[in-house]
Amino acid sequence: MNYTEPHRPQYHFSPKKNWMNDPSGLLYHDGTYHLFFQYNPGGIEWGNMSWGHATSEDLTHWEEQPVALLARGYPNDVTEMFFTGSAVADVNNTSGFGVDGKIPLVAMYTSMYPINQTLPSGKYVLAEQQSQSIAYSLDNGMTWTTYDTENPVIHNPPSTYASEYQNFRDPFVFWHDETQKWIAVTAFAEIHKLFLWSSDNLLDWSPLSEFGPKNAVGGVWECPNLFPLSVNDDESTTKWVLVLGLNPGGPPGTVGSGTQYFIGDFNGTAFTPDSESVHPENETANWLDWGPDFYAAASYNGLPGGERVQLAWMNNWQYGAAIPTDPWRSAMTVPRRLSLKMVGGKITLLQRPHENLQGVMGHRDVSHSWHSVSEGSVDLGSLGKAFHVSLSFADHDSDNRHASEFAIAVRASSGFSQQTLVGYNFTSKEVFVDRRKSGDVSFDGTFGSIYHTALSACPDGRVNLEIFVDWSSVEVLGGQGEVSLTSQIFPDGNSTNARLVSTEGSTRDVKLQLRAETAHES
Ligand code: FRU
């Protein structure tokens, strides 16, 4: 795509026009990455929820496709909206949807019914009810057929939770090889509970187990994901990761949406978190991202050999509908690879930028290094509006010779009155993103803030920050990827300057690698 509107992301997916929220059905099949997403075909705010669709061969160049599931009755009389869900390739045709040897792709989603009605299947639903339904595609995801003879396939919550029928959503479905079953994880949003189901054929579902409430319980629980990862790349040790969204109720210092995770085991029936992943007093949580703009994280089904790649909605319900972009709203994060590794004696979830990102900002790196950056600043000139920075420096304790803080200012105006700071505080040992002066912050009173989280130096004594800047976002991955901070920014178009800033002393052994925007191709 060759979009040029102010604030238009260049290497992040955003729809050509209209409102987008959650990734809803990330599926890799037959060489194509499918991205389905919550989409309003008729406006720039949430409504008429449908599944938009985009495809990519490399997760970085996207082609928007026709809407996959259009709100039933759109535009005048919407009787069913298609909320968040997931998608699988039913390679063994367990569903029976496949004909002539074609592999059916099956999407499982939440049907949200605005009004009481008797459905084509004969099932009766109440106004505002949320139930789980399926649709299938026999042409590699280009067109979809809703399974109207039976939908919804999970009509009501189990009787214990019958009263939750309006807050029952977001099925994440996957194939569990060990038990040869499909598993779906759903959320009872208001009571902070996840509910797991199993099926042989994607059509008939039986209740399995429940999880929660645990750790952070702000707002509602939504958009669960559950997947295995090997530890330290050793295929004999597998752990399961459970990810879910909270809204409002994100990490400390943020307002609005956030994402937490648990590491544990899944035995085909229940997910049991490791004790070190649970914080009984709810005093803390495992936050997947410490910034304000990372929500409804979802991961790809269908990737080979234990790979896990995640995308999240790079926005926040607090101000999502007020961000100053037009004629679209919202982008997805960059694709990130997930892995588990022992870090500081603890199994830790790491996020690494997908390697295909290397190609999108040009092929030439520019490197600089400084034995020491003295107190003050080093001008880096103009870096354009989209670029990637790897910044690393020696950790130290701050004293009267050494800096208290080291930062890079990006997307800055020539006089630096406008800037976004990404840096490290040597006293608190925290990485931070400061968007107080990042540009337009006026549309929401909570937007202009600082976000921060603890980050230890790597075993070699260095602090590493990888920073992805686009026309309206800054994503920071710290250390080996154990922390992530994702923020939108809305700077002026000519705010392209950058500099390094060492505060109250010097910073040692600074290395900077830059890859800046080239003329972008479609
Ligand atoms: C999360 C969410 C989901 C729901 C969807 C509706 O952002 O509230 O729980 O399915 O958005 O668009």
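This is a predicted model: local features need pLDDT of at least 70, side-chain atom pairs count only at pLDDT 80 or more; totals for chains, interfaces and linings use all residues.
Q: How many bridges join β26 to β31?
A: Strands are DSSP runs of E with at least two residues (helices are H or I, at least four), numbered from the N terminus, and two of them pair if DSSP finds at least two bridges between them. Eight bridges link β26 (residues 387-394) with β31 (residues 462-470), and these strands run antiparallel.

Q: What is the strand order in the open sheet of six strands?
A: The order reads β24-β35-β26-β31-β32-β33, with antiparallel pairing. β24 (366-373) and β33 (483-488) stand at the edges with a single partner strand each, so one side of each has no neighbour in the sheet. From one strand to the next, the twist averages 15° (axes are lines fitted to C-alpha atoms, for helices over the stretch in contact; angles run from 0 to 180 degrees between N-to-C directions).

Q: How many residues lie between β31 and β32 in their hairpin?
A: Two residues separate β31 and β32 in that hairpin. The two strands pair in the antiparallel sense over six bridges, and V469 has V474 of β32 as its bridge partner.

Q: And which residue takes a positive phi in the hairpin of β32 and β33?
A: G479 does, with phi near 65°, in a hairpin that has four residues between the strands. β32 and β33 run antiparallel and are joined by six bridges; S484 in β33 is the bridge partner of L477.

Q: Are the faces of β32 buried or exposed?
A: In a regular strand the side chains alternate between the two faces of the sheet. In β32, S473, E475 and L477 on one side and V474, V476 and G478 on the other are all buried (20 or more other C-beta atoms within 10 Å of the residue's own; 12 or fewer is exposed, in between partly exposed; C-beta atoms are placed from the backbone). For β32 (residues 473-478), that is six of six residues.

Q: Finally, which residues are around the ligand?
A: They are N21, D22, Q38, M49, F83, T84, T110, R169, D170, E222, C223 and A296, each with its C-beta atom, placed from the backbone, within 6 Å. β1 (18-29), β5 (81-89), β11 (168-176) and β15 (220-231) are the elements that give two or more residues to this shell.

How values were computed: Residues are numbered from 1 along each chain as its sequence is written.
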